[in-house]
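Subject: Structure for you to look at

Dear colleague,

Here is the structure I said I would pass on. Please open it next to this message; my notes come after it.

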Amino acid sequence: MNDGFGPALDEPSAHSYAMRWIAINTHPHREAIAIENLLRQKFAVYCPMELRRIRHARRTQDATRPLFPGYIFAAVMPDLALWRPILSTYGVRTMVRSGDRPAFVDSGFIQGLKNREIDGVIARPLRGYEIGQDVRLNGGPFDGLIATIIEMGERDRLVLLTSLLNQTVRLKVTGASVRAL
C-alpha cells in the first residue's frame with residue numbers, strides 16, 4: 001500500500017499524452033489521506049517531499065514533509081468532466097481552478113520536480129555561500145555594505161558581521177539580499 005508521499009506515484013497509463021496535471025488543495029496535514037483516496041479512484045497523484053529539520057521537546061530530527069504544504073498534484077483528462085469526483089474526495093478541500101475548469105500546471109514543472117528527487121526527496125540546490133565568505137548587501141538601508149557570513153540558517157537565512165559607525169554589527173538577512181564579492 002502506498003503511504004501517499006514522494007516517489008510512490010502512479011503514472012498515467014493509457015492516453016498519458018492527454019493527461020494534464022492539476023493542483024489540489026488539501027485539508028491541513030491531510031495530504032496522505034487525500035492521496036490514498038485519489039489513488040483508490042485511479043488518479044495519478046504526486047506529492048513532492050523535502051527533508052526538514054524538526055525540533056520538538058529538545059530533540060532535533062530530520063523528517064520528510066510536503067514541499068508545498070496543503071497541496072498535491074493529480075493527472076486528469078482535461079476534456080472530460082472525470083475530474084469532478086476529486087472535489088468530493090475525503091481529504092481534499094478544493095482544486096485550483098480558473099472559473100469552473102481546473103487550472104492546469106505545466107508538465108515541465110512537475111517533471112522538473114521529479115528530476116530533482118533523490119531517494120523520494122527533492123534535493124535542495126547547493127548553497128551558494130559559505131561561512132567566512134565576504135558578501136555585499138543589495139538594496140535597503142545597507143546597500144553596498146560589505147559583510148562576512150558568520151552563520152547560515154534554514155530557509156536561506158544568513159547572519160552577517162559587519163562594521164558600521166566604528167562598531168561591529170550582526171545582521172540577519174536572506175540569501176537573496178546579498179551577492180558574492
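Below is what I found, from the whole chain down to single residues.

The model is predicted. Its mean pLDDT is 84, and 88% of the residues reach 70 or more. The stretch to treat with care is residues 10-16, where pLDDT stays under 50. The model has 9 contacts beyond four places in sequence for that stretch. Where pLDDT is low, predicted coordinates should not be read in detail.

Overall make-up

The protein has 181 residues, of which 35% are buried. It contains 2 helices and 16 strands. Of the contacts between residues at least 6 apart in sequence, 57% join residues at least 24 apart. The exposed surface comes to about 11600 Å², with carbon and sulfur atoms supplying 51% of it.

Nonpolar cores

The largest nonpolar core holds 17 residues. Within this core, Ile22, Ile24, Leu38, Val45, Ile72 and Ile86 have the most contacts. Two or more residues each are given to it by strand E1 (20-26), helix H1, strand E5 (71-76) and strand E6 (92-95). H1 provides the largest share, 4 residues.

Leaving out residues up to four places away in sequence, leucine 38 touches Ile24, Phe43, Val45, Ile72, Ile86, Thr89 and Val92. As a general point, nonpolar side chains in soluble globular proteins tend to be buried together.

Helix H2

Which residues of helix H2 are buried? In this helix, which spans residues 107-115, they are Ile110, Leu113 and Lys114. These three lie on the same side of H2, because they cover an arc of only 100° around the axis. The cover over the buried residues of H2 includes strands E1, E2 (44-46), E5, E9 (104-105), E10 (117-118) and E11 (121-122). Note that a lysine is among the buried residues here.

Salt bridges

The count comes to 3 salt bridges.

- Glutamate 36 pairs with arginine 40, and the closest N and O atoms are 2.5 Å apart. Both residues lie in H1 (residues 31-40), 4 residues apart, or about one turn of the helix. Glutamate 36 counts as partly exposed, at 25% relative accessibility, whereas arginine 40 is exposed, with a relative accessible area of 57%.

- Arginine 52 pairs with glutamate 50, with 2.6 Å between the closest N and O atoms. Arginine 52 is partly exposed, at a relative accessible area of 21%. Glutamate 50 has a relative accessible area of 8%, so it counts as buried.

- Glutamate 151 pairs with arginine 170, with the closest N and O atoms 3.4 Å apart. This pair links distant parts of the chain, 19 residues apart: glutamate 151 is in strand E13 (residues 146-152) and arginine 170 in strand E15 (residues 167-174). Glutamate 151 is partly exposed, at 38% relative accessibility.

Regards

Note on methods
Residues numbered from 1 in each chain as written. Predicted model: local features only at pLDDT ≥ 70, side-chain atom pairs only at ≥ 80, totals over all residues. Heavy atoms only, no water. pLDDT = per-residue confidence, 0-100. Contact = heavy atoms within 4.5 Å. Salt bridge = Lys/Arg side-chain N within 4 Å of Asp/Glu carboxyl O. Buried < 20%, exposed > 50% of the residue type's maximum accessible area, 1.4 Å probe, protein only. Core = buried A, V, L, I, M, F, W, Y, C linked by side-chain atoms within 4.5 Å. Arc of directions from axis to C-beta. Areas by Shrake-Rupley, 256 points an atom, 1.4 Å probe, with all protein chains shown as cover.
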